[in-house]
Amino acid sequence: WRTLAEWLAAPRPHALASCFPRSTTAPPATTFNARTALQPQFQKAVPYDERATCPLTDRNPKDWILFSTGRFAVDDDRDGAERGVVVDNTGTGAFNDAPFPTVDFPSDHAILSATLVLKDGSQRTAEGT
């Protein structure tokens, strides 16, 4: 796939679904960073005031949770979640629409979490370590 729209529209092998619904609305960005003039390939550097608008800024949905559509569904009623999914780039369960990593959140990818429910009616909660 060359674009996000192509990927969202493509049939899923093995009956897989994403935590983000198939729609025309783009999933939230899980990366938001830009090179500085002090890093290698300084020709790709982004001026500080242009971080949010420059095409060289990496601000894309790169992280996904995939699951079997025959067994699971996203729990849309999860507290604090938009469409059942939480994107966190602060380490506190919140999303700050600003470049990261930061001193407080040193990862260049946001934390992505979703609660899945078994289609047989039971619910299981899993926590990562």
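These entries record what I looked up about ring pairs, charges over rings and salt bridges in this predicted model.

I worked with local features at pLDDT of at least 70 and side-chain atom pairs only at pLDDT 80 or more, while totals for chains, interfaces and linings use all residues. Residues are numbered from 1 along each chain as its sequence is written, and side-chain values use heavy atoms, with hydrogens and water left out.

Aromatic pairs. I counted rings of Phe, Tyr and Trp (its six-membered ring) as paired if their centres lie within 6.5 Å, with planes under 30 degrees apart called stacked, over 60 edge-to-face and the rest tilted. I found two aromatic pairs. For accessibility I took buried as under 20% relative accessible area, exposed as over 50% and partly exposed as in between (1.4 Å probe, protein chains only). F20 is buried at 4%, W64 is partly exposed at 25%, and both F100 and F105 are buried.

Salt bridges. I searched the whole structure for a side-chain nitrogen of Lys or Arg within 4 Å of a carboxyl oxygen of Asp or Glu, and the search gave two salt bridges. D58 pairs with K62 at 2.9 Å between the closest N and O atoms, and R59 pairs with D97 at 2.5 Å, N to O. R59 is partly exposed at 31%, whereas D97 is exposed at 52%.
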